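Please keep the sequence and the structure in view while reading.

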Amino acid sequence: MAKVYINSIMSKFVKKLNLNNYDILLCFILGLVAFFSRFLLLEKIQSHWDGPQYSIAVVRFSLIQQTPAPPGYPLYIAMGKFFYIFFKDPHFAILMVSVLASVVGAIALYLVGKAWYHRIVGLTASIIFLTGSTFYYFGLTPYAYLTIPATTTLLAFITYLIYVKKGNNLGIIFGIVFGISFGIRPQETFQIFGLLILGFLFLTAKEKIKAVITFTIITLIWVIPLLYYTGVLNFVNISISFLLASLTHSTVFQRLELIVKGFLLSFGLSSLALLYYFWKIYKDSFKISNRYYKTIIFYSAWILPSFAYNLLLRSEHAGYQMSYLAALLMLVSYAVWKVIQNNKQLFILIVFCIAVFNLYWFFYNRDPRYVLPYRPTSFHYSDIRKNDLKTGSKVNFILSKFNPKNTIIITNSVLWRPYGYYLKKYEVVSLDGLADNTPGILHLERDQKDWNMRQFENKNLTLIIPKNVTDIVFPDDENYQYIINYPYKVFNLPGNSKVTLLKVNSGDVISYKFHYLTVFKAK
């Protein structure tokens, strides 16, 4: 009985999308484009911290070890575990979640844009999603952020139907979508709470109960095993401690710069359509009706909480901005539709220019000679391939030349997790103060071996060489420049890569500070 009722509710929601055979064909094409454009270009080597954390979590879930980082990405990791059944490679399994998110996102954005405004809006949103640098980048790398445009846009559409259109029987679907969104990335709730409050408040009392029950059922599916495995108090303490520690110390102006970059990298030329449409509204002395007041309130509830979070608390890159970027994606696509005024030839020309520019900006190789340092989350394809070549060659070189029983790997924090992922049997150490003199970072040391990590304060900025260790290997290109008054050997590898070797003895002491390292021989 319950199954029949839920199917009836889902059927009514699908009818609101007003699909025909042409829409189904377009969805199929967009899904194929999303799949092959991502699957064929996936990263080969882990490129940042998040990937190893998620990949290890697929085979060994541990919030204490930050695999994954708290509060855990439960449904995201569950999807990775599903793909792991078939591929037996945790890195590739979690990458397939990004491919799936690309496919679902492309289709969902088309369907919502079409049902919300017009087929042109949906098609434009999907094409920008498929070609924009930030969206493309997250489709090729292991991050949970790419699930947000689909889940948040679906939640926003349901909220729009509830608040603006005064739709009925939407409590269950509201609870389902929020439950899935919460399960994939629980911390995203801070950024979408405006939509949640607006949608929930304007549900009828009966639909509120349905929404709460549905959300609770979906959440309990992953909360019960998670809390059983980690313990309630442990889960709460670890999550709160991690979230507080993860707040960045950057200034508002630095975060604003990242916000502007995220917008431009996501939308490229299409951002001009939005600016032009706003100018046109102002020029035409646009009069706001009651309906438009509601639309303004709706978009404000969608955009402002997420924007404020990024501006005032944390914004390291465009991934943190995905909630309000999803709203801007819909507005940009709507602006394109308004600008072309249903002129099909103009639509094809404008969208073609937007897509070509986006793809050029993403695929253009900014460092063909490999002279610039690697930039994680740069949102450029060339940096993905650069990391595949450089980090891959270094990992293979270390595995073939050095014995893990007498070798310590010392690296900077940027690629510490990826090196530890591949060099599992080696002790991999990050001396953060060697490359970063930021207060709070200078004395931080991180160690990992067998995918087990620990971090602590190294107030003396020294490292005593343990028994039987003879080789200290630095896989970062620039580290040889920091070594003072001690002999070293540099190995040149593909991609203008360098690996530096120090020969040491038990009891020797490495002393370091920002851009400086030397070795004192044991007495």
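## Aromatic pairs and their exposure

Phe82 has a relative accessibility of 45% and counts as partly exposed; by the convention used here, buried means under 20% relative accessible area, exposed over 50% and partly exposed in between (1.4 Å probe, protein chains only). The model is predicted: local features need pLDDT of at least 70, side-chain atom pairs count only at pLDDT 80 or more, and totals for chains, interfaces and linings use all residues. Residues are numbered from 1 along each chain as its sequence is written, and side-chain values use heavy atoms, with hydrogens and water left out.

Phe86, at 54% relative accessible area, is exposed. Both Phe82 and Phe86 belong to helix 4 (residues 74-87), where four residues, about one turn of the helix, separate them. Helices (H or I, at least four residues) and strands (E, at least two) are DSSP runs, numbered from the N terminus.

The structure holds 53 aromatic pairs. Rings of Phe, Tyr and Trp (its six-membered ring) pair if their centres lie within 6.5 Å; planes under 30 degrees apart count as stacked, over 60 as edge-to-face and the rest as tilted. Two of these pairs are set out below.

| Pair | Centre to centre | Angle between planes | Class |
|---|---|---|---|
| Phe82 and Phe86 | 5.2 Å | 70° | edge-to-face |
| Tyr421 and Trp451 | 5.2 Å | 10° | stacked |

Tyr421 is buried at 8% relative accessibility, and Trp451 is buried at 14%. Lys424 lies over the face of Trp451, 4.1 Å from the ring centre; a charge sits over a ring if NZ of Lys or CZ of Arg is within 6 Å of the ring centre and within 35 degrees of the ring normal.

Seven strands form an open sheet of mixed pairing, in the order 4-3-2-1-6-8-7. Strand 4 (452-457) and strand 7 (489-493) are at the edges with a single partner strand each, so one side of each has no neighbour in the sheet. Strand 3 (residues 444-449) pairs with strand 4 in the antiparallel sense over six bridges, and Lys449 has Asn452 in strand 4 as its bridge partner. Two strands count as paired if DSSP finds at least two bridges between them.

## The hairpin and the segment after it

Strand 9 (residues 509-513) and strand 10 (residues 516-520) pair in the antiparallel sense over five bridges. They form a hairpin with two residues between them, and His515 in the turn has a positive phi of about 55°. Ser511 stands opposite Thr518 in strand 10. Thr518 is buried, with a relative accessible area of 6%, and its side chain reaches the backbone oxygen of Ile484 at 2.7 Å.

Lys521 lies in the segment after strand 10 and is partly exposed at 43% relative accessibility. The side chain of Lys521 makes polar contacts with the side chains of Asp508 at 2.7 Å and Tyr486 at 3.4 Å. A polar contact is a pair of N or O atoms within 3.5 Å; within protein, one must be able to donate a hydrogen and the other to accept it, and residues adjacent in sequence count only if both atoms are side-chain atoms.
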